Amino acid sequence: MTNRASDQAHALDSIVGRAAAGEERAFATLVRAHHESMLRVAFVITGDREVAADAVQTAWSVAWRRLGTLRDASAIKTWLVAIAANEARLSLRRQRRRAVVELAITPNGDTDDPGRRIAIVDLQRAMRGLSANDRMLLALRFAAGLESAEIAGHLQLSASGVRSRLARLLERLRRELDHV
Amino acid sequence: MSDPTTFERRLADAFTRYADTAVLDVDIDEIATTMVALTLRSPRRDGVVAGLASRWPRRTLVTVGLLVTLLAAVLAAALIVGSHRRVPLPFGPAANGLIAFDSGGDMYVGDPVTGQSHLVLGGPGTQSDPAFSPDGSHLALIQSTSVSGKDDVVVVGVDGSNPTVVTPRPLTNLTWLDWTPDSRQVVLVAAVGGHQGLLLADATGAGIRTLVNDVDVDIPVFRPPDGGEIMFRADTPNGSGIFVVDADGSHRRALIAPAATTNPQFDLRSPQYSPDGGRIAYMAWDDVRRVMRIFAMNADGSGAHQLASDPQAWFEGWPIWSPDGTRLIETRQFYDGSGHPLDNTRPYAVAWVDGRTPAVETGPPMTTGFQHAAWSPDGTEILVQGNDQQLILDPSGGPWHATPWTSNAYPAWQRDAPR
């Protein structure tokens, strides 16, 4: 490890340790660094900004209580994103009796070169047809950018198992979304 | 179609744009301040136990523990000799007990009168979705130990005693959990045989069996007063219908035959028996007027009729009988003049089943999320949930207040024996 990388690792260790000890500035630093990644993943799973925000708020509460159990501070992003993904999955179950008003997402730049892009509204519709587990897998891969091995560690699957599940999901989405 | 590699690149781009919509307008500094306030500045609920252990010498604790154990044994023997604990009936009015709630991934019970709460089950994993046994002695809850999408069901004493995993192996897509009326089994809905099946797990962990696995079951309920039948809404290839089976899963028959609808997600969901088991309230979608309305029918499926409704509401649903069977909580949503759903309206109303007394709106205006509700066992209050807050509402439309704790748990109110 280079000195620079070593210094960064020590700094991260220190921030996580101080946050676990209850230091507010260190905890706020973690929130600033990782909240948006957690929110993006939770939103892809739930399809609802408000539900996703609630899930991530709960995820921070869970993370704070369990921060002391994190052995490798360098895995903090993956660890937090996985907690947010799980809370998002649980929030889907809590909505089982909810009359969801499905609001259309404003296309975000979809008008640019529409023939070569997958429209967000189509992706949103396709995601609604997937189970919570499949949504979670796609969110961890594409919204959080985790590799198969990282996802496997949290799904208690082999990396090859994650890859094969992803391959099946991609093929399904290709049939639904690839109109060009 | 494009080749898989090109499609994956385009899909990744679409996911990025989709996820970006979640973080539009996020003020990260404000978020950080809020999260610090909500987490670090909230007391850890297990701090009382930790504090006790740290202040008292170990030897003193052991001595006190032995004395307490001896005293408890004497008291227990006296209670066993003297009388059995009185338990409430599984249906109808009962006295109000504790409220279960999850917070920070752990499960607690709290007294809504004194505000006191204590930890029931914590540790690794997330505990959620509590349900009190009808006799009030135990909690069933869902325990998620990873993000694998599989969950266990745990039964634990209300005092935190004897936690037992009652699912032999983790279940996939576990969407419902409740108790049989005799408080001896936990009824579950989870993925089995390619469907959302109906399962019964012994509350002592002795085993699990499947009752229904050929249709997608949704929110099963036992028929009062003896729990001899189970009613549920099911999705079939012909559409959704309301079905009944005997308590052993046999003799399935349709109360409302499956039919296609333009609202398959919510049509006919959550049919509910009246506390005497004689009537059923349910919600049904009107394909022509495109509104959801609440209906009632006899328990054999005859005599269906729509209950009184508010013409301004496009959605009236999720009926929940009061313990005395005279009223129903219903959830409402309204449209504005241009056909868009209105936000920040009062979603709860209490309707009298007699159809003559006007329904009463109750609780504050809410945005979304406040759509789970439960009556207090004595029928004098309503517990609702959502947005990390539980509220206690007055069924008569009077003042409401928040519970002393912060949680968005599914409402679960312990039934206690009448005093």
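Strands, as named in this note, are DSSP runs of E with at least two residues, numbered from the N terminus. The model under discussion is predicted.

1. Overall make-up of chain A. Chain A holds eight helices and zero strands, and its elements follow the order α-α-α-α-α-α-α-α from the N terminus. Of the 180 residues in chain A, 52% are buried. When contacts in chain A between residues at least 6 apart in sequence are considered, 63% join residues at least 24 apart.

2. Packing of H2(A) on H3(A). Helix H2 (residues 24–46) and helix H3 (residues 49–66) of chain A pack with their axes 8 Å apart and at an angle of about 135°. The crossing of the two helices is right-handed.

3. Residues at the H2(A)–H3(A) contact. H2(A) contributes, among others, Phe27(A), Leu30(A), Met38(A) and Phe43(A), while the residues they meet in H3(A) include Val51(A), Val56(A), Trp60(A) and Trp64(A). By class, the residues of this contact comprise 14 nonpolar, three polar and one charged.

4. The buried side of H5(A). Which residues of helix H5 (residues 120–128) of chain A are buried? They are Ile120(A), Leu123(A), Gln124(A), Ala126(A) and Met127(A). These residues lie on the same side of H5(A), because they cover an arc of only 165° around the axis. An α-helix has 3.6 residues a turn, so residues three or four places apart point the same way. The cover over the buried residues of H5(A) includes H2, helix H6 (132–143) and helix H8 (159–177) of chain A, together with helix H1 (4–20) of chain B.

5. Backbone geometry in chain B. Most residues other than glycine have a negative phi, and most peptide bonds are trans.

6. The cis peptide bond. Pro224(B) and Pro225(B) are joined by a cis peptide bond, with omega about 0°. Pro225(B) is located in the loop between strand S13 (216–222) and strand S14 (229–236) of chain B.

7. Positive phi values. Asn173(B), a residue other than glycine, has a positive phi near 55°; its position is the loop between strand S8 (171–172) and strand S9 (176–179) of chain B. Ile219(B), likewise not a glycine, has a positive phi of about 50° and belongs to strand S13 of chain B.

8. Exposure of these two residues. Is each buried or partly exposed? Asn173(B) is partly exposed, at a relative accessible area of 34%, whereas Ile219(B) is buried, at 3%.

How values were computed:
Residues are numbered from 1 along each chain as its sequence is written. Chains are lettered from A and ligands numbered from 1 in the order in which they are written. This is a predicted model: local features need pLDDT of at least 70, side-chain atom pairs count only at pLDDT 80 or more; totals for chains, interfaces and linings use all residues. Side-chain values use heavy atoms; hydrogens and water are left out. Axes are lines fitted to C-alpha atoms, for helices over the stretch in contact, and angles run from 0 to 180 degrees between N-to-C directions. Helices (H or I, at least four residues) and strands (E, at least two) are DSSP runs, numbered from the N terminus. A crossing is left-handed if the near helix is turned anticlockwise from the far one by less than a right angle, and right-handed if clockwise. Contact means heavy atoms within 4.5 Å. Ala, Val, Leu, Ile, Met, Phe, Trp, Tyr, Cys and Pro count as nonpolar, Asp, Glu, Lys and Arg as charged, and the others, Gly among them, as polar. Buried means under 20% relative accessible area, exposed over 50%, partly exposed in between (1.4 Å probe, protein chains only). The arc is that of the directions from the helix axis to the C-beta atoms.
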